[in-house]
Amino acid sequence: MRLTHSLWKQHLGRMAKKNWKAHGKKVIQESDELKNLEQLGLPVIDINEVVKDMKIVERVKEEEPKDLKHWVEPPPVMNNLHPLYKARQCYMHKNNTVLIGGLDQAKIIAKAVEVKDGLPKMLEEKIEQLNVADMHKLVKRSILASHVFDAQQVKLPKLHDPSRPAWQFPRVYGISDQRRNYLLCEKLVQLSNSWSQKSSALFAVNNGRCVVPIEKEGDLIQFDLTLNMALLSSVPHEKFSSQEEEENIYKIDLPDIYPLKHTVSCEKTHFYESKDIFPVNKFSKFSHLHTIIIHHNETQIKNLHETKVLEGQLVGRCLLHGFAAAVSQARQLFGEVEKELPFPVSIQCIQTDGRLFDFSIFQLNTLDLNGSEGMKNMFWVLPRLELFSLCAYDEGRPTLQGYNPEVLKNFMAFCTH
Amino acid sequence: MSVLRMRCHCVKFIRRFSVLPEYTEKPEYPPILDLSRDAVKKRNDEVWHNKIKNLEILEEKLMEVNMPRYYGWPCIGLYEGKVPYGSLQFAQYITRTFIVTQQELPMLYQAAGIVDLCAPILDHVKNSIKEAIVLEHAVERSPSGELEDNGDDVNELGDAIVHQINRVIISSLSADFPHLQTCQVDHFPRIESFWIVGGIDPPKRLEKIRKTSNNGDLGKPVDVKFQYLGRPIAQLRHELPLQPAAIESEIQKIESNVPEFHYDPRVLGIDKLQRHVTNIPGFWPGDKSEFPLMSFHSSKYLANRSSFDDSEAAPYVHAVLASFAWLQALACYKGFSTFQDVTYPLLTQTVLTDGQYWSFYVYQLNTMLLHSSHATENQKCNLCWGTKKLKLFDKIENGKVVGFNEEVLKILLYFYLNVPHVRSGVELKPYLGVNNRYIADIPEKDKRVWLEKHFKHMYSNRPRKLLADELYHWEKIYKVDHKTRPQEPRRRPFELGQVPLERRYDDHTPAYVRKSERTVKWKKFEKTYYP
């Protein structure tokens, strides 16, 4: 036991003395073992007789082999002997990367232009005609269930008040942002599946992996993304663009982010494996990406230089997810394509952080991403929509304020298109 | 005060309160109380149980159970999927469950007319489910660092198949069965459930103490507190309850002998926990969908139990504990508790699966009063019907399901087609207030905000900043076992007759209120609203 100040005071000398005295007075008692054994007629042999002929064999020390493997493998040395080392540098675009150049930089990488404000015409017409009046009650319930009534209690990020930077708020325990987004999207997709008549046409899959390398202006850019939720169908989308919009592509220029290069704020690495992974392999009939839903988890998506993530950056992230998914789909359908695709591959993309929704569509027309001339890809995006203004315990009461029915309309339209 | 004024004061006092007649026709004797130690203890316990019963707000009831202990109750921890070998008798005893073998599970649904509904729906849904299974096998998943990680027994594929099948069935059937559209689906919810079971052998340490105190308690059985912590794959809840599978008269016909297991649960290798006991059926109070429909649990761990053949018993243990725990927690959300029994039966349907192998269980909760003598003397018991392990499919080959077994899908559909109904003629929440049921209903803002914060804090089970006082090893040797330090002043809790672990939850100075935030200048500490 630890020798503390209090214990030090205990005078142990007395105990030691008593110990010696007691053991000194000890008399070795005769045990009844021998007597009992003789009574039973069992032979009694003196141990010393048995041991007399035994020899003590000295243990031979084994020589330690010189290239002894470590019990714990040392971390791999990141040099040119590493199995994943490549001489050519790769710009890695991971799931939580946001670009410093925002939407403009994303457009340049994907060689995409916004041909129209808002969504394509046919989708807008559909949204207007949609009647989801009887679903709003269920959606409000789902919002409360995923934001307020779920019983997870984990430590949430620290609260900050910019006007009082030194003030430390008590830590809040509640639902983590990943779980909240996961639950909300699951419930909304479930509701849209129940509501639509052709419910057997789409399957939802969680956390599909999408890895796709692309060549642009002599740079290798690799996307390694998690599609938090992917709705899959057995048939590809029809193209969203109208004749007029296709002609407009040539009239609209790509944005210019000089002096930034299009690969700025992508992680540069020499250790990668250049491969194509599509979330669903061809065995399943349902291998066409219909819609992807990606989560904006505030705890994971941060800028390298610790400034606040801007709306433009998040819309850019949405664009690139749509782009990567479309490229991956195109490669799965057509194999290695260099230039224009036989028919355009379209992906609908919804990004959410539990409250704010970005609805966008990416149409991949060509995989020739060099330069800013020629055929380009198309991108439509709606301005940010708020699902509600407040959903939390307000003064001890679970409240939902400022519910916006537009979000459900758009969501349903996307999921049932 | 002068003598005259005091006399007037007394006269006024007597005038006001001497209204009751001192003499009546017949003598009214007070009840003769049994003054034996057991009876006195029982009456004292009942005072506390009645306090819980009379609290109107649900969260106050849940908090009151923890009020006697600042550092939490010592309880036995039961975890989802941690099934000790040979523990079926134990599971049955602590949940008072009788496993019904006379009646096959599908027969229950025949009586309700569900089996006849099933055939056309099966054809409609069959193909979608096959596609779903193929799809999940074809998906390339990202390493999931996103949701909670459970270690070796994580079965991503199996869980994904369950979610997929659930989605498919609900989408297909919502139009004709509106209860599926309005049900709430929880994904990996947090299930915590607490109950007390009596009639268990006392531990050796307690017997040793009892020998020295000579109270006549030697050999008397003990109450053990159980805390179940579960994590089902998914569960479905609805605003209305399912109809019970067996009514009172039928229960008596079924010969129910619940096995006895009076040994200390630690003989099975289950460990103790010290925590604030919680009852959480996967959601916070206030959610309207508070009756169970069904729950799905992962049975992947069953594949790794090769050294001891309990493949028949282990799934039952899991199903019984999981069903009882969920129903118990749901019952607590209606105002019942481990001290106040349910007044009507609750039914749930449980599915144990790893994606390929499925087993189905129906559990009816008739009683949850198991503490003290109720463990053996309770006339009611809970019932569990179950199936064997069934294979849904053999394997996936070239994008096709091989060996698809429709029988499994049929039983699963029976579960979904079991429509909940309004339970008429029964008061569903007899022990909750009529107008004020939840914290949200409390009109006073301060009380509401304070209670909400402290209820959630208690239920988060955050570790305390300062630990309870401990008896250091040297103190045990030199002060307790052998009194070698008479010179030291007696300041430690064990020397003053205090038991640190018996500190009450509200035994602390309340939070300090800064001068600028005070309503009354001299009230330094905030008002507490402990139940």
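Me: What makes B:Trp195 and B:Phe226 stand out in the largest nonpolar core?
Reply: Of its 115 residues, these two touch the most other members. Such a core is a set of buried Ala, Val, Leu, Ile, Met, Phe, Trp, Tyr and Cys residues joined through side-chain atoms within 4.5 Å, with buried meaning under 20% relative accessible area (1.4 Å probe, protein chains only). Helix H11 (residues 313-332) of chain B brings the largest share, 14 residues; helices here are DSSP runs of H or I, at least four residues, and strands are E runs, at least two, numbered from the N terminus.

By the way, this is a predicted model, where local features need pLDDT of at least 70 and side-chain atom pairs 80 or more, while totals for chains, interfaces and linings use all residues. Residues count from 1 along each chain as written, chains are lettered from A in written order, and side-chain values use heavy atoms, without hydrogens and water.

Me: Which other core lies apart from it?
Reply: One of 107 residues, including A:Leu225 and B:Ile411.

Me: What lines the largest cavity?
Reply: 15 residues, each with an atom within 4 Å of a point. H8(A) gives the most, five.

Conventions:
1 Å grid on protein atoms, 1.4 Å probe; cavity = no way out; pocket = protein on both sides within 12 Å on 5 of 7 lines; lining within 4 Å. Buried < 20%, exposed > 50% of the residue type's maximum accessible area, 1.4 Å probe, protein only.
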